[in-house]
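Hi,

Here is the structure for you to look through. Open it first, then read my notes below.

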Amino acid sequence: MRDKGLARAGAAEQDRDGMALKLLFWELEKHLKSSSGASVVAIDNKIEQAMDLVKSHLMYAVREEVEVLKEQIKELIERNTQLEQENNLLKTLASPEQMAQFQAQVQTGGSPTGTAQPPVPAGPSTQSSGTSA
């Protein structure tokens, strides 16, 4: 009889342990379900913060690049203006024969640098405005 009593006590203990385990798993599951919503929100917030950080870094890099490009455009406009003025000056100083020869080279697609240079007229204006190569 004593064995039957021990068996019943053991079975009851197992039932209590089983119930306790079931209760524990149920509580754990409930906790995970309730906290998973909060966890998803926390993860979404972290993702949003990371995306905002990436966006701000990209915008900063783009602004820097825009500033560099604006400066380059400004320099190119200044250089273009200088070259236009130089071109106009050279046109006014060139003789009609030199202009005709240049126009012929432009029409045939010839390179002015690959051909013999036309003679420079001797005069005070060309000596003071000579360029160094």
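The protein has three helices and zero strands. Along the sequence, the pattern reads α-α-α. Keep in mind that this is a predicted model.

Start with burial. The protein has 133 residues, and 2% of them count as buried. A residue counts as buried when its relative accessible area is under 20%. The exposed surface comes to about 12100 Å². Carbon and sulfur atoms supply 62% of that surface.

Next, look at helix α1. This helix covers residues 2–93.

Which residues make the nonpolar patch? They are Leu21, Leu24 and Phe25. Phe25 sits in helix α1. Its relative accessible area is 52%, so Phe25 is classed as exposed, since the cut-off for exposed is over 50%.

The other patch carries negative charge. Glu67, Glu71, Glu75 and Glu78 gather there, on the surface. Take Glu71 as the example. Glu71 belongs to helix α1. Is Glu71 buried, exposed or partly exposed? Glu71 has a relative accessible area of 39%, so it is partly exposed. That class lies between the 20% and 50% cut-offs.

Last, a record to compare with the model. UniProt, in an unreviewed entry, places a "coiled-coil region" at residues 59–93. In the model, this span is 100% helix and 0% strand.

Best wishes

Terms used:
Residues numbered from 1 in each chain as written. Predicted model: local features only at pLDDT ≥ 70, side-chain atom pairs only at ≥ 80, totals over all residues. Heavy atoms only, no water. Helix = DSSP H or I, 4+ residues; strand = E, 2+ residues; numbered from the N terminus. Buried < 20%, exposed > 50% of the residue type's maximum accessible area, 1.4 Å probe, protein only. Areas by Shrake-Rupley, 256 points an atom, 1.4 Å probe, with all protein chains shown as cover. Patch = residues over 30% accessible without salt bridge, like charges linked within 9 Å, V, L, I, M, F, W, Y side chains within 5 Å. Salt bridge = Lys/Arg side-chain N within 4 Å of Asp/Glu carboxyl O. Lys, Arg positive; Asp, Glu negative; His and termini not counted. Charge placed at Lys NZ, Arg CZ, Asp CG, Glu CD. UniProt positions renumbered as here; feature names shortened; annotations may be inferred.
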